[in-house]
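Please read these notes with the model open beside you. They are meant for checking point by point.

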Amino acid sequence: MSTAPAVVVIGGGPRGTGVVERIAASAGELYGDARLDIHLVDPHPPGGGRIWRPDQSPLLWMNSMAEDVTMFTDETVEQAGPVVAGPALDAWADDVRAGRVTPDADPAVLAEIHALTGTDFPTRRLQSAYLRWTYRRALAALPPGITVHEHRTTALAVGGPRGGRQHVRLQGRAEPLLADLVVLTVGHLDAEREPEHARLGDFARRHGLVHLPPDFTADSDLDALRPGEPVIVRGFGLAFIDLMVLLTEGRGGRHEGGVYAPSGREPVLYVGSRRGVPYHAKIGYSWTGERPPLPRFLGPEWAEKVLRGKQPADFRSDVWPVVVKELGHAHYHRLFTSHPERTALAHEVFAEKYAAADPGSPELAGLIAEAVPDPADRLDLDALDRPLDGVRHGSPDALQEALRAYITDDLTRRHDPERSEDLAVFLGLLSVYAQLVRLGDTDPWWHGFFSHLASGPPGPRLRQLLALSRAGVVRFLGAGLTVEADEERGLFRARSATVPGAATEARALVEARLPDPSLRHTASPLLRALRDEGAAITDTGLLSVDPADSRVLDREGRPHPRRFALGPFTTARAAGAFTRPRTGGPAFRQNDAAARAVLTFLRDLSCRADRAS
C-alpha cells in the first residue's frame, strides 16, 4: 500500500479534469518532485464523465460552436497559477486532421472530427473525445512523482475528522479510500422527486399514464411515449430540444429543405412553460471591431463591496439594477461605435452621462430615450425575458402562427450582424456571470434569465422546430403553463394564460428540464451524507463553499480544511456551458484556486511530517 499523501477527486467529468489539469500546471512550483496519489472516482469514463460520455446518440449536439469551446486557460483568466496553452475544440480538430493529435475515437466520431469547422455545433460524442484527450494530456503533464488511480465506481460517503485523514466509501469496495484531501467535482446529479412530481407520478401509476420527471433527456425512458399520442411537455429550454430531436429524427423522421417528413412513429408534443417560448437562438456570427470594455460598472471591486456589506444584498433591489446598467453599457457601446447613424448624441457625451446616472433611475431612462430615437434599438430586458406577458390569442391555431413568426424573427435577428449589439449583450452577460459567482447563491431567477438569453439552442434546431410545428408534430401551448391531474377522467390537462379557455388533455406528461442541483432533494448518497453531517446549505439548497478556494463551509461558516467542492451544486456554480476562449471563465479561476490550495496544503503537511520525524 502506498504511503504517499493522497487526494481523492470525486467526479471525472470536465470539472474533475479541469482540477487535474490545474494540479499539473502548478505542481512543479508548489509541490516539487514529491510523491502524491490522486484517486479519481467516477463510474463513467474520465474526461467526459456521465453527461459527456461517448455512448450517446449522434443526434445530440453541443450547444456551442466548436470555436467557442476550450478546456484551457489563457491570460484573461484571473488566476495565480500559470497559463498552460491548449487548443480550443476547433483548433484541436485541426490538429487531428494534420496528424499532430491522435484521438481516442471510433471511425464515425473520427469522421465527424475531420469534417468539423469552427462554426459547427459538434455532437456530444465528438466533445467526449476532446475531453478524453484533454484528460490524458493533463495526466502526461503531471510530475513523475504524482500518480493517478482511476476507480470506475460511485463514491457513497466522505467521513473523517477536520484535523485528520478523510475516509471515502466506495460502492463495491469493502475498505474506504484514505485521503488527506477530498475534492468533489460531481457535476449534475439525479434528484429525488419533488412533492408535486411525486404526486403526479402516483396519479400516473393509478391511471396507467406516463409521467417523466426532470431528468437528463438522454437517460429518460422515451419508449413509453407512444406514436401519434399527445404528450404534454412542461419546459421549453434545452432539455426540450433534446427531447424533440430524439422523438422525431430519433424515430426515423427526416428534415429535408425546411420540411419535416415524419416516420409515423412520433408522438405529438404539446409544449409550454412559464415564458411560453424557446430560449433565444444562439448568435450566428462572429465578433468584429472594438469590444465593449468589460467589466465596467459590475466588476471585482463592486462584488467585493457587496460582500463587505453589513446586510446580505437583495438581488432585485441591490444587484439587478447594476446588472441592467452593465448590460446596457455593452449594448450601447456597440450601438454607438458600430451604428452611429442610429444614435442622436456623440458617443463621448452619452458615455459620460450614462456613467454618471444611477442604475435604474429616471435620468438614465431619459438619457437613453434622448440618445437612441428608435425604441427597437434600445435594450429592453423585460421584453426579451417575457415576450408573451400580456399577450392573448383567441385560439390555439392563432398561437401557432404567432409563435412561428416570433421564432422566425428571433432567428433572423440573432443571425444579423447589423444587430451586433445582441452579441455585445451576450459578452456582457458572461462578464456579469463571472462577477455574480463571487457573491455565492444568487437569485435562481438570474440563472434562468441568463440561460434564456445566452444559452439558447443552435439556429438549425429552431429551424427544425419550425418545420415540426408546420408538420403538426409540435404544438405550442403558451406562457404561464399549468398542469392538473383529472382523477375523474384519468388524464393530464394543460392550460396557459396565452389562450384563455383552451385546454389540452393527454395521457403523458414530460417535465423537460434537468433536476434542480439542490442538496435538499439530491438522490446522491454522497451529498446527502455531507448535508446531514453539518455542511452549510443555502435557502435554495446549494452547498456553501468558500469563494476564495472552494473549501466546503459548515453551518458556522468555517471552511473545512480537507474538503473542497466545485460545480453546479455549490454556491460557486459557474455557467453550465463550456468556457469560450479569451473570456476569463470563472470555472477556470475556481479550478486553479482549488488546485493550488490542495498542493499548498499537502506540501505544508509533508513539511510538518518531516519536522516531526
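The points below cover the basis of the model, cavities, a helix, strand pairing, and some individual residues.

1. Basis. This is a predicted model, in which local features need pLDDT of at least 70 and side-chain atom pairs count only at pLDDT 80 or more, while totals for chains, interfaces and linings use all residues. Residues are numbered from 1 along each chain as its sequence is written, and side-chain values use heavy atoms, with hydrogens and water left out.

2. Terms for elements and exposure. Helices (H or I, at least four residues) and strands (E, at least two) are DSSP runs numbered from the N terminus. Buried stands for under 20% relative accessible area, exposed for over 50%, and partly exposed for what lies in between, with a 1.4 Å probe and protein chains only.

3. A cavity is a set of points on a 1 Å grid over the protein atoms alone where a 1.4 Å probe fits but cannot get out, and its lining residues have an atom within 4 Å of a point. Points are joined across faces, edges and corners, and a volume is the space filled by probe spheres set on them. By this rule there are five cavities of 30 Å³ or more. The largest cavity has a volume of about 90 Å³. Its lining has 13 residues, and Leu 189, Asp 516, Pro 517, Ser 518 and Thr 522 lie nearest the centre. By class, the lining of the largest cavity holds seven nonpolar, four polar and two charged residues; here Ala, Val, Leu, Ile, Met, Phe, Trp, Tyr, Cys and Pro count as nonpolar, Asp, Glu, Lys and Arg as charged, and the others, Gly among them, as polar.

4. Second largest cavity. The second largest cavity holds about 70 Å³ of space. Among the residues that line it are Leu 212, Thr 217, Ala 239, Leu 243 and Arg 513. Helix 6 (238-248) and strand 17 (508-511) are the elements that give two or more residues to this lining. The lining of the second largest cavity divides into seven nonpolar, two polar and three charged residues.

5. Thr 217. Where does Thr 217 lie? Thr 217 is in the loop between strand 8 (210-212) and strand 9 (230-234). Thr 217 counts as buried because its relative accessibility is 10%. Apart from neighbours within four places in sequence, Thr 217 is in contact (heavy atoms within 4.5 Å) with Ala 239, Asp 242, Leu 243 and Leu 246.

6. Helix 14. Of the 11 residues of helix 14 (residues 444-454), eight are buried. These buried residues include Trp 445, Trp 446, Phe 449 and Phe 450. The buried residues of helix 14 pack against helix 8 (315-338), helix 11 (381-385), helix 12 (396-414) and helix 13 (421-436). At the N-terminal end, Asp 443 caps helix 14, with a side-chain oxygen 2.8 Å from the backbone nitrogen of Trp 445.

7. Strands 12 and 13. Two strands pair if DSSP finds at least two bridges between them. Strand 12 (residues 268-272) and strand 13 run parallel and are joined by four bridges. Leu 269 has Val 474 in strand 13 as its bridge partner. Strand 13 (residues 474-478) has four of its five residues buried.

8. Strands 14 to 16. Strand 14 (residues 482-486) runs antiparallel to strand 15, with five bridges between them. The two form a hairpin with four residues between them, and Gly 490 in the turn has a positive phi of about 65°. Strand 15 also pairs with strand 16 (residues 504-506), in the antiparallel sense over three bridges. In that pairing Phe 492 stands opposite Ala 506. Four of the five residues of strand 15 (residues 491-495) are buried.

9. Backbone points to check. Most residues other than glycine have a negative phi, and most peptide bonds are trans. Leu 294 and Pro 295 are joined by a cis peptide bond, with omega about -5°. Pro 295 lies in the loop between strand 12 and helix 7 (300-308). Ser 550, not a glycine, has a positive phi of about 70°. Ser 550 counts as buried because its relative accessibility is 3%. Arg 582 is likewise not a glycine and has a positive phi of about 60°. Arg 582 is in the loop between strand 19 (559-565) and helix 17 (586-612).

Terms used: On a 1 Å grid over the protein atoms alone, a cavity is a set of points where a 1.4 Å probe fits but cannot get out, and a pocket is an open set with protein on both sides within 12 Å along at least five of seven lines; lining residues have an atom within 4 Å of a point. A polar contact is a pair of N or O atoms within 3.5 Å; within protein, one must be able to donate a hydrogen and the other to accept it, and residues adjacent in sequence count only if both atoms are side-chain atoms.
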